[in-house]
Amino acid sequence: MEARLSLITLGVADLARARAFYLALGFPLRPESQESVVFLQLNGLWLSLYPRAALAEDVGCDAAGSGFRGITLAHNVRSKEEVAQVLAQAEAAGGRIVKPAQDVFWGGHSGYFRDPDGHFWEVAWGPMFKFAEDGTLLF
């Protein structure tokens, strides 16, 4: 297996609401999207939104999970000030701030929001993060 992540699929309760939320955050809609699935373009991979019950059925598990799921998604930004800006944008789009922007132990600045389906997103800036011109995080 090649060390690559191509697509992240989030199980959502209301596909139209989730689509509107991510479009309000500025995620570009891919033309491959359909009535039953939404594809959004990220730098180097896609984000897919799919009805939670249908996704659980595809996986073969119970869809009735809640709370912390043991995974977070991260959006790294170019400046410390941008952390609060992105958190405010997520809140205005219907997300909920769960940890306001603050300095953190590893020398950066970050905060967390939950999307309308409860998926946790970290918004983080750090002096060690460098970006390519297209916004790809360089390590």
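Mentor: Ala, Val, Leu, Ile, Met, Phe, Trp, Tyr, Cys and Pro count as nonpolar, Asp, Glu, Lys and Arg as charged, and the others, Gly among them, as polar. Keep in mind that this model is predicted.

Trainee: How do the residues lining the second largest pocket divide into nonpolar, polar and charged?

Mentor: This pocket has a volume of about 360 Å³. Its lining counts 20 residues. By class they are 11 nonpolar, 6 polar and 3 charged.

Trainee: Which elements give two or more residues to that lining of the second largest pocket?

Mentor: Gly 11, Arg 52, Leu 55, Arg 69 and His 119 lie nearest the centre of the second largest pocket. Leu 55 lies in helix 2, residues 52-59. The elements giving two or more lining residues are strand 1 (7-12) and helix 2.

Trainee: Beyond four places in sequence, which residues is Leu 55 in contact with?

Mentor: Contact means heavy atoms within 4.5 Å. The contacts of Leu 55 are Thr 9, Leu 10, Gly 11 and Tyr 50.

Trainee: Which element supplies the largest share of the lining of the largest pocket?

Mentor: The largest pocket holds about 880 Å³ of space. Closest to its centre, of 30 lining residues, are Leu 42, Asn 43, Ala 74, His 75 and Asn 76. The largest share, 4 residues, comes from strand 4.

Trainee: In the hairpin of strand 5 and strand 6, which residue takes a positive phi?

Mentor: Strand 5 (96-103) and strand 6 (109-114) pair antiparallel over 5 bridges. Asp 103 has His 109 as its bridge partner. Between the strands sit 5 residues, and the one with phi near 95° is Gly 107.

Note on methods:
Residues are numbered from 1 along each chain as its sequence is written. This is a predicted model: local features need pLDDT of at least 70, side-chain atom pairs count only at pLDDT 80 or more; totals for chains, interfaces and linings use all residues. Side-chain values use heavy atoms; hydrogens and water are left out. Two strands pair if DSSP finds at least two bridges between them. On a 1 Å grid over the protein atoms alone, a cavity is a set of points where a 1.4 Å probe fits but cannot get out, and a pocket is an open set with protein on both sides within 12 Å along at least five of seven lines; lining residues have an atom within 4 Å of a point. Grid points are joined across faces, edges and corners, and a volume is the space filled by probe spheres set on the points.
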